[in-house]
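Let's take a walk through this structure together. Keep the sequence and the 3D view open side by side as you read.

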Amino acid sequence: MLSNYLLNQQKILLIKDHIGIESTAFKVVKKWLCDGKGPDVVPEPVELLDEQGPFLFARISKLARSKTPRDLFQFVQRCKRNPSVQYLFLWATEKNISESFLVPYLEHQSELIVTLEDERHLTILVKKTSGSISNKRYQYQLQEGCFSVKELKKTDVGKTVAAAVDTSSVASVDPASLGTFKIGNLKKEEQEAKEALTLPFEFFKTTPEGGRVLYHPDADDDLDEEDPDDDLLI
C-alpha cells in the first residue's frame, strides 16, 4: 500500500497531481490515513489557515484563490513547528494554480513529495533527517482510492523505456543530410571547383623559394655571434 511509503517521519507531504484527480483527493488522503493510522482517522480540511489538528488536508488550488502565497507559506511553517500536527497533506494540481512559483516553493518546504506522473507511474522524493534525499519511481494501480504500488528498479525503467520505443517506425537517417557541409556526392560543378582549388601548401611549392622560410634581418636586430649555451658543456 502507498500509505506504507508516506506515513513515516516526514510531516509535510506535497502531492503533485498531474492526472487530475483533485475531486477525489480528500477521499484518497483519508484512505491513506485509514490504512496507516486506523479506520477512525479522518483528515481535517484546511479552510482558514489556523487549523491545528493532527491530520490536515489542504487543497492548494482552492486556497490560492482566497489566500495570498505568503499566508500559505507561513501556515506550512507553523505546521512544521507545531507538535500537535502529525501530517499536513498539500494537494497541488499545477494546471489549476495560476502562480507559477507557488508549487516550487512548497516543494522546498515539503519533506516528502509524491508526483503522480500519469495513470500508471508516480515518484516519491523523501528528504531524510540525516540530510540525504531518496527519489524512487513506482508503478501503481488505483482502485476506489486505494493505491497498490510496485517499485521500479533501474532495469525495469530501462525495459519500460525500450518497450515504448518502436524501432520499426524510426526511419534511417542519412548523416550527410544533417548538415550543410558535404564530403561526398558532389554535383559536377562542385567537383570541378574542388579539383581546381589550389591549397596554400600546394601553391607555395610552385614559388621560386619552394616554400622555404626566408628571413631578412632588420638594422635594429641584436644578433649575438656567441653560443649562449657555451658554458653548459653540451
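Of the chain's 234 residues, 31% count as buried, where buried means under 20% relative accessible area, exposed means over 50% and partly exposed is in between (1.4 Å probe, protein chains only). What you're looking at is a predicted model, in which local features need pLDDT of at least 70 and side-chain atom pairs count only at pLDDT 80 or more, while totals for chains, interfaces and linings use all residues. Residues are numbered from 1 along each chain as its sequence is written, and side-chain values use heavy atoms, with hydrogens and water left out.

Start with the overall layout. The chain exposes about 16,200 Å², and carbon and sulfur atoms supply 52% of that; the areas come from the Shrake-Rupley method with a 1.4 Å probe, and for residues only the protein chains shown count as cover. If you take contacts between residues at least 6 apart in sequence, 60% of them join residues at least 24 apart, a contact being heavy atoms within 4.5 Å.

Now find helix H5, residues 102–109. Leu102, Val103, Leu106 and Gln109 are buried there. Looking down the axis of H5, you'd see these buried residues fall within an arc of 110 degrees, so they line one face of the helix; the arc is that of the directions from the helix axis to the C-beta atoms. What do the buried residues of H5 pack against? Their partners are E1, helix H3 (60–63), helix H4 (69–81) and strand E4 (87–92).

Glutamine 109, in helix H5, is buried because its relative accessible area is 3%. Leaving out residues up to four places away in sequence, glutamine 109 touches Ile12, Phe73, Val76, Gln77 and Lys80. Over in strand E4 sits leucine 90, which is buried with a relative accessible area of 1%. Beyond its neighbours within four places in sequence, leucine 90 is in contact with a list of residues including Ile12, Val76 and Leu106.

Next, have a look at the charged side chains. Side chains of opposite charge can pair when their charged atoms come close. How many salt bridges does a search of the whole structure find? It finds six, a salt bridge being a side-chain nitrogen of Lys or Arg within 4 Å of a carboxyl oxygen of Asp or Glu. One joins arginine 59 and glutamate 22 (3.1 Å, N to O). This pair links distant parts of the chain, with arginine 59 in strand E3 and glutamate 22 in the loop between E1 and helix H2 (25–37), 37 residues apart. Arginine 59 is partly exposed at 31% relative accessibility, whereas glutamate 22 is buried at 7%.

Another salt bridge brings together lysine 31 and aspartate 35 (3.4 Å, N to O). These two are four residues apart in helix H2, so about one helical turn separates them. Then there's glutamate 117 with arginine 137, whose closest N and O atoms are 3.0 Å apart. That pair also links distant parts of the chain: glutamate 117 is in the loop between strand E5 (112–116) and strand E6 (121–127), and arginine 137 is in strand E7 (residues 133–143), 20 residues away.

Lysine 11 tells another story, in the loop between helix H1 (3–6) and strand E1 (12–17). Lysine 11 is buried yet has no salt bridge, and the nearest side chain of opposite charge, glutamate 111, is 7.2 Å away; here Lys and Arg count as positive and Asp and Glu as negative, with His and the chain ends not counted. The side chain of lysine 11 does reach the backbone oxygen of cysteine 79, at 3.4 Å.

Finally, find leucine 49, in the loop between strand E2 (44–45) and strand E3 (55–59). Most residues other than glycine have a negative phi. Leucine 49, though, has a positive phi near 65 degrees, and it counts as buried at 7% relative accessibility.

Key
A polar contact is a pair of N or O atoms within 3.5 Å; within protein, one must be able to donate a hydrogen and the other to accept it, and residues adjacent in sequence count only if both atoms are side-chain atoms.
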